[in-house]
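Work through the exercises below with the sequence and the coordinates open, and try each task before reading its solution.

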Amino acid sequence: MKAKLQHDPSREMNSNRPSIVATKRGDIQGDGIIDNVLLTANKTPNSPFRKNITLVVQNGSTNHIQQIPFKNNVGYNPTLFLGDFTGNKVDDILVVIDTGGSGGAIYAYVFSYINGQMRQIFNSDVFNNDYKYGVTYQDQYKATVISHKLKEKYILDLNYKGKEYLTDIYSKNGVLKAPIEGWVNPLSGLYPVDFNRDGIYELEAYQRIAGRYNADSLGFVQTVLKWNGQVFGPDRQNVAIFGGEI
């Protein structure tokens, strides 16, 4: 299948035909036979932008091909990762696509072969809708980040932003000149990490914290997600800030 897509001249000349943009091999169905996993997409002339991105799984024993479309099927740099996220010693599939937006957002999906069917067990849209935050500037050069889902509060020290930044929004005694609300961007990074070194991967999710405007980064919300048998639930969450000059 891969050879045909790569060497068919009509496909190379017709941008409306899909081409292979990523490939991996692994035991997806747990039968001990290696399967082929591909991402196909329509290329855009003179651009890295991809359309109609589709997951293709070819059964290693039967050669049966299953095509799995995405709701968000356009973007840049679509990538594949195979690893065990559910603990059943079978490879699952992680797909990440850059949206190209100014906030660095991504589309991300995880698929797992469960009870004889390929199931989507993670979707970045669902994650973004579930993990909501409030970002509020406070007096004395601080900002608070409220994680509504986890019911936790993080306090950021803004002194590292520098004198020019602070004097623009604070009076000399450290009181805000006017209320300021920031926000947390949608998912901008999703990385497989085997924290326990037990062969089972967790997902580490990154969301950028924005201050007065999108380019005014205050840090990142980092959430480690772990499969609990039904969904990827939060194992722990932290906020990381940027360092300032000494």
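Accessible areas come from the Shrake-Rupley method with a 1.4 Å probe, and for residues only the protein chains shown count as cover. The model is predicted, so that local features need pLDDT of at least 70 and side-chain atom pairs count only at pLDDT 80 or more, while totals for chains, interfaces and linings use all residues. Residues are numbered from 1 along each chain as its sequence is written, and side-chain values use heavy atoms, with hydrogens and water left out.

**Exercise 1.** Describe the surface and the burial of the chain.

Solution. Begin with the accessible surface, which comes to about 13200 Å², 48% of it belonging to carbon and sulfur atoms. Then turn to burial: of the 246 residues in the chain, 43% are buried (under 20% relative accessible area, with a 1.4 Å probe and protein chains only).

**Exercise 2.** Examine how β9 is joined to β12.

Solution. Strand β9 (residues 133-138) runs antiparallel to β12 (residues 181-193), and two bridges join them. Within this part of the sheet, Val135 stands opposite Gly182 in β12.

Terms used
Buried < 20%, exposed > 50% of the residue type's maximum accessible area, 1.4 Å probe, protein only. Pairing = 2+ DSSP bridges. Helix = DSSP H or I, 4+ residues; strand = E, 2+ residues; numbered from the N terminus.
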